[in-house]
Amino acid sequence: MRHLEQLPPWAAIIVALFVVVGATLTLLGGVGLVRLKSFYQRLHAPTLGYSYGTLLIVLASMLMFSLTEGRAVVHELMIGVFIMITTPITMLMLGRAALRRDRDRKLGHDEDVPPRHHAVPPDDDPQGDA
Amino acid sequence: MTAEILRFALGYAQIALILALALACWRMLLGPRAQDRVLGLDTMYSIAMLLFLVIGMGNGNVFFFEGALVIAVLGFVTTVIAAKFLMRGEVIE
């Protein structure tokens, strides 16, 4: 814990503020993940942690290690950029998967219902107009 | 004085992140459908990454950063593969 005394007071206050606000927003995202009603509402809640939580904690970590080590420590930016690129991809894929599963459940072939077997092969159309 | 401020802030952040981890775990265990469980698991990955960063700040150890980076990459890959599996029923088409 010796490295904590090396920080000047203004930097300590900024780092503490960033860490506390980031952790509180992440906790708020977790509360929203539990309390919201439908899946499409719940999909929005943890993005608080992804955006604000990661941004603030990465900035605080960069500031603290830059001041204690006496050089510019910027490798935490890698996590920030990576999260910024990958979070929209995961959320889009999860939302599209949920949409498709909801549509399949409405059509009657979800995992709760045994899959329907085709009585006739699909190319054997009795009307012949397909 | 500055050390007390930082120690309090980092302790509070660890407790808040562990509470958020418990809430995400609750959603993963009780999620009504499979996509809720995948969302809870993805949230757990991101919160664990933030927890690693905060613990590394408290220890003054730069090497917790690498653990956080590995967790971020693994969380992305896991969630993408789980979402693809939920969408198609198979991972590689």
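Which helices cover the buried residues of H3(B)? H4 of chain A is among them, together with helix H2 (34-59) of chain B. This report works from a predicted model.

## Model and confidence

The structure is a prediction, so confidence comes first. Chain A has a mean pLDDT of 82. In that chain, 81% of residues reach 70 or more. Among the elements of chain A, H1(A) has the highest mean pLDDT, at 92. H4(A) has the lowest, at 88.

## Chain A overall

Chain A holds 4 helices and 0 strands. Read from the N terminus, its elements run α-α-α-α. The chain has 130 residues, and 28% of them are buried. Take the contacts in chain A with a separation of 6 or more: 56% of them join residues 24 or more positions apart.

UniProt, in an unreviewed entry, annotates residues 12-36, 48-65 and 77-99 of chain A as "transmembrane region". In the model, residues 48-65 of chain A are 100% helix and 0% strand, with end C-alpha atoms 25 Å apart. Residues 77-99 of chain A are also 100% helix and 0% strand. Their end C-alpha atoms lie 34 Å apart.

## Helix H1 of chain A

H1(A) has 27 residues.

The buried residues of H1(A) include A:Ala12, A:Val15, A:Phe18, A:Val19 and A:Leu33. Several glycines are also on that list, among them A:Gly22, A:Gly29 and A:Gly30. The cover over the buried residues of H1(A) comes from both chains. It includes H2 and H3 of chain A, and H1 and H2 of chain B.

## Helix H3 of chain A

H3(A) has 23 residues. From first C-alpha to last it reaches 32 Å, close to the 33 Å expected at 1.5 Å a residue. The helix bends by about 35° at A:Gly53. A:Gly53 is also one of the buried residues of H3(A). Others include A:Leu48, A:Leu56, A:Ile57, A:Met64 and A:Phe65. These buried residues pack against H1 and H4 of chain A, together with helix H1 (2-30) and H2 of chain B. After H3(A) comes A:Gly70, with a positive phi near 75°.

A:Tyr50 sits in helix H3 of chain A. Why does A:Tyr50 count as buried? It has 24 C-beta neighbours inside 10 Å, and the cut-off for burial is 20 or more. Leaving aside neighbours within four places in sequence, A:Tyr50 is in contact with A:Ile83, A:Thr87 and B:Ser46. A:His75 is 25 residues from A:Tyr50 in sequence. In space the two are 18 Å apart, C-alpha to C-alpha.

## Where chain A touches chain B

The contact takes 51 residues from chain A and 45 residues from chain B. On the chain A side, the elements giving two or more residues are helix H1 (9-35), helix H2 (39-42), helix H3 (47-69) and helix H4 (76-107). H1(A) supplies the largest share of that side, 16 residues. By type, the chain A side divides into 32 nonpolar, 13 polar and 6 charged residues.

## Helix H3 of chain B

Helix H3 of chain B covers residues 64-88. It has 25 residues and reaches 36 Å from its first C-alpha to its last, close to the 36 Å expected at 1.5 Å a residue. Buried residues in H3(B) include B:Phe65, B:Ile71, B:Gly75, B:Phe76, B:Thr79 and B:Leu86. H4 of chain A and H2 of chain B are part of what covers them. B:Gly89 follows H3(B), and its phi is positive, near 90°.

The unreviewed UniProt entry lists residues 6-26, 38-57 and 63-87 of chain B as "transmembrane region". Residues 63-87 of chain B are 96% helix and 0% strand in the model, with end C-alpha atoms 37 Å apart. Residues 6-26 of chain B are 100% helix and 0% strand, and their end C-alpha atoms lie 30 Å apart.

Note on methods. Residues are numbered from 1 along each chain as its sequence is written. Chains are lettered from A and ligands numbered from 1 in the order in which they are written. This is a predicted model: local features need pLDDT of at least 70, side-chain atom pairs count only at pLDDT 80 or more; totals for chains, interfaces and linings use all residues. A residue is buried if 20 or more other C-beta atoms lie within 10 Å of its own, exposed if 12 or fewer, and partly exposed in between; C-beta atoms are placed from the backbone. Two residues are in contact if their C-beta atoms, placed from the backbone, lie within 7 Å. Ala, Val, Leu, Ile, Met, Phe, Trp, Tyr, Cys and Pro count as nonpolar, Asp, Glu, Lys and Arg as charged, and the others, Gly among them, as polar. UniProt positions are given in the numbering used here, feature names are shortened, and annotations may be inferred rather than shown by experiment. The expected span of a helix is 1.5 Å times one less than its number of residues. The bend at a residue is the angle between axes fitted to the seven residues ending there and the seven starting there. pLDDT is the predictor's confidence in each residue, from 0 to 100.
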